[in-house]
Each structure stands twice: as C-alpha cells, then as structure tokens.
Amino acid sequence: MKRSTVTILVCLVFFGSVLIAYPYQNQNFINVVIDPVSGQSYGTDPVQSESGLEFAGAPPVAVPASVPRPELAAFRPSIGYSGPISKVKPPVCPPGVVCGPKPDPPCILPKRMPRQWEISAQVFWPRLSGTLKYPGVVSGQQADELDITDDLGLPKHPVLGEYSAYYQINWNWSIYYSIMPINLSTTTTARRNFYFGNWAPVPAGSQIHTEWNFIYQRLGLMYTAINTCNASLSIYTAWLYNPQQFKVSCSVCPNWPASTVDRTRQMLMSGIDLKKCIRTLCNGATLSCDTKVSIGYLDNTLALDIQPGMRFSVPLNCGRWGFIKGGYRWLNFDENRNDLKMNVYLEGGFAEAGLIF
C-alpha cells in the first residue's frame with residue numbers, strides 16, 4: 001500500500017511539471033504568415049513581437065526557433081500565380097543597341113584573278129566616213145580625194161563586230177588580243193568623174209562595184225598600276241596590225257575589169273584602261289565604270305580609239321563572272337601621206353557581253 005501511494009505521488013508530480021512547463025515552450029517558436037496567392041496584398045507591414053515575426057490580422061504559424069530567421073526582403077512569398085502564364089516578346093533592339101537601316105554592301109569591283117580568262121564580243125553600230133586618195137598625182141596635178149560613202153557607195157551605218165580575249169598572268173600583268181574584221185561591198189552609180197588607180201577616169205553615171213576589207217587587230221601586254229578593291233588603272237602597249245584593201249570595178253569602163261589598192265599598217269598602240277566600282281547590290285551584282293583610251297602611232301598614221309562605257313557584272317560562283325557593257329566609241333585612222341591616203345572614221349554606240357572564268 002505504501003508503494004502504491006508513492007507511485008501515485010510521483011505521477012502527480014510529473015504531470016504537474018508538464019503542465020507548468022508547457023506555457024514556457026512558446027518562447028521556442030516564431031509566428032509566420034504564409035500567403036499562397038501572390039496577388040494578395042498585406043494589410044500591414046510585418047512587426048517583430050516578443051514571440052517572433054508576425055503580420056497583423058493573420059493567424060500565427062509556429063516555426064521552430066532552430067531555423068534561421070530570413071531577411072525581410074527575402075521573406076516575400078514566392079509561390080502561387082495570380083494569372084495564366086504568357087510569353088513576353090523581347091524588344092526589337094537589345095538594351096543599349098541603336099537600331100537603324102542595314103548598311104549597304106561594300107562596293108567591290110569584279111576583276112580577273114591570276115590564271116583567269118576574260119572573253120567578250122562587241123557589236124558596234126558606227127557612222128562610217130572616210131576618204132581615199134590614189135593615185136596622188138594625175139597629169140601633174142593632185143588627184144581628188146574620194147569619199148568612201150558618197151563616191152564609192154559604202155554603207156554609212158554598218159553593223160560591225162569585235163572579239164577580245166584577256167589572260168591574267170598574275171595580279172598585275174596580263175596579255176590580250178583583239179580583232180575587228182570588216183568586209184563591206186556595194187554597187188552604186190558614180191555621181192562625178194574621178195580617178196582611181198592608174199586607169200582612165202570613171203565617168204559620172206556609170207555603175208561601180210566597191211569592196212572594202214579592213215582588219216583592226218591588236219596583240220598587247222597590260223600592266224595594272226593601281227589595283228584596289230573598288231578601282232583599277234591599267235596601262236598597255238600593243239602591236240597593231242591593220243591590212244586593208246579597196247577593190248573597185250566599173251561596168252562601162254573599157255579594159256577596166258577591176259582596180260585594187262592595198263595598204264598594210266604596222267603600228268604601236270598605247271593606252272589606259274580605267275575601271276571604277278559604282279555600286280554593288282546585295283546579291284553581288286555590280287555596276288562599274290569601264291573606259292579605255294588608246295593612241296596608235298608610227299607608219300605615217302595616227303589612230304585614236306576611245307571607249308567610255310558602263311559595265312554590269314553578275315557573279316556566277318567560284319570566282320566567275322558574266323557581264324554586259326555599253327557605251328560610245330570613236331575609232332579613227334588619219335594618214336599623213338601624199339601618194340596614198342586611206343582615212344577611216346567610225347563613231348557610234350556599242351554593246352558588249354563577256355565572261356570571266
């Protein structure tokens with residue numbers, strides 16, 4: 001009975017101790033309010049109370065004191081969404097970058113690279129004129145000069161062709177060859193009496209047949225003195241070979257089936273070739289200035305060949321180009337002789353097409 005009484009007393013003391021200690025356990029907790037919806041606003045700012053961190057108007061939540069207390073700025077609730085997720089389009093220009101129109105591509109001049117060929121064909125629409133004097137003296141007096149179109153009947157507006165080829169040896173040196181063959185023939189009526197060759201004069205009103213063969217060919221060496229990305233300036237010297245022949249026959253002239261006059265010139269021709277890029281498009285096509293000025297000399301003849309023009313080039317991949325060119329051309333041959341004179345003047349527009357490969 002005594003042991004039972006002691007046991008009961010011990011139990012009552014333990015139970016009382018628990019009851020006394022329970023109120024003091026609140027000092028080991030902090031009160032935290034967690035709002036699962038981020039869109040809600042707080043009525044008041046959080047305040048520090050004796051028992052921990054509390055928000056006015058919200059029920060306290062106990063958190064063990066062993067957890068470190070977070071900073072107020074980092075304690076904002078971060079869970080929950082006030083609306084559906086949506087994509088936000090980034091700004092067109094990143095911050096700090098100024099947007100503007102896309103710059104034009106740099107102007108780059110198409111040109112032949114080492115060991116590349118350039119071939120071209122030109123159509124020339126000139127106005128033809130010129131004079132012919134042979135022989136120089138008739139019966140002790142100077143013979144009249146014949147107009148090759150009015151007196152001999154050659155067409156004033158022929159269509160001519162020229163063919164050229166260039167080979168680029170290295171960055172600065174190249175060789176080229178060019179030829180313009182001309183073969184014109186016509187039949188006309190003599191407007192006046194004139195002498196041609198050593199035969200009797202051709203009477204006015206007679207039928208005459210004229211054939212003219214003229215070859216303008218050059219073989220030269222070219223040096224590119226200025227060679228930049230958008231311009232080039234080349235100088236060249238060529239051997240000029242110019243054989244020509246006039247053959248005139250008269251239908252009513254006695255013992256005169258035909259008379260032929262031949263003249264072959266061996267000359268030198270020097271000049272400059274200027275190319276300048278004007279604009280390069282986004283696809284690589286390029287518009288450029290293409291001008292040539294040549295002067296021929298020696299053999300008692302002065303020749304002038306001027307070709308200002310514009311070129312439009314189109315890339316064909318792998319360093320190859322196709323181009324078209326157009327402009328105006330003057331081609332003159334002035335002879336300084338008394339016994340024989342064959343002057344030729346060609347002036348008109350031209351068009352050219354070619355390849356660089």
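Predicted model: local features only at pLDDT ≥ 70, side-chain atom pairs only at ≥ 80, totals over all residues.

Biologist: What makes the pair of Glu162 and Arg218 a polar contact?

Modeller: The cut-off is an N or O pair within 3.5 Å, with one atom able to donate a hydrogen and the other to accept it. The Glu162–Arg218 side chains come in at 3.3 Å, and they count as a polar contact. Another one, of 2.7 Å, joins the side chains of Glu162 and Arg329.

Biologist: Where is Glu162 found, and which residues is it in contact with?

Modeller: Glu162 is in strand β9, residues 160–168. Skipping neighbours within four places in sequence, its contacts include Ser120, Gln122, Met180 and Tyr216, as well as both arginines, Arg218 and Arg329.

Biologist: How do you know whether Glu162 is buried or exposed?

Modeller: Buried means under 20% relative accessible area. Glu162 has 4% relative accessibility, so buried is the label. Across the 357 residues of the protein chain, 34% count as buried.

Biologist: Arg329 came up with Glu162. What does the charged end of Arg329 sit over?

Modeller: The ring of Phe124, with 5.5 Å to the ring centre. The distance cut-off there is 6 Å, and the charge must also lie within 35 degrees of the ring normal. Arg311 does likewise over the ring of Phe323, at 3.9 Å from its centre.

Biologist: On to ring pairs. How many aromatic pairs does the structure hold?

Modeller: There are 10 aromatic pairs. One of them is Tyr166 with Tyr176.

Biologist: Why is the pair of Tyr166 and Tyr176 called stacked?

Modeller: Two values decide it: ring centres within 6.5 Å make a pair, and planes under 30 degrees apart make it stacked. Here the centres are 5.4 Å apart and the planes meet at 20°, so the pair is stacked. Tyr166 belongs to strand β9 and Tyr176 to strand β10 (residues 173–189), so the pair ties together parts 10 residues apart in sequence. Both Tyr166 and Tyr176 are buried.

Biologist: And what makes the pair of Phe214 and Phe333 edge-to-face?

Modeller: Their centres are 5.6 Å apart, but the planes stand at 75°. Anything over 60 degrees counts as edge-to-face, so that's what this pair is. It links distant parts of the chain, with Phe214 in strand β11 (residues 207–227) and Phe333 in strand β16 (residues 321–335), 119 residues apart.

Biologist: How do you know that Phe214 and Phe333 are buried?

Modeller: Phe214 has a relative accessible area of 1%, and Phe333 is at 0%.

Biologist: Which residues have the most contacts inside the largest nonpolar core?

Modeller: Trp212 and Phe246, in a core of 34 residues. Elements giving two or more residues to this core include β5 (117–133), β12 (231–250) and β17 (341–356). Leaving out residues up to four places away in sequence, Trp212 touches Leu128, Ile182, Phe246 and Val344, among others.

Biologist: Which residues are in the other core?

Modeller: That core has five residues, among them Tyr166, Tyr176, Tyr236 and Ala238, and lies apart from the largest one. So the stacked tyrosines turn up here again.

Key
Residues numbered from 1 in each chain as written. Heavy atoms only, no water. Helix = DSSP H or I, 4+ residues; strand = E, 2+ residues; numbered from the N terminus. Buried < 20%, exposed > 50% of the residue type's maximum accessible area, 1.4 Å probe, protein only. Contact = heavy atoms within 4.5 Å. Phe/Tyr/Trp six-rings, centres within 6.5 Å; stacked < 30°, edge-to-face > 60°. Core = buried A, V, L, I, M, F, W, Y, C linked by side-chain atoms within 4.5 Å.
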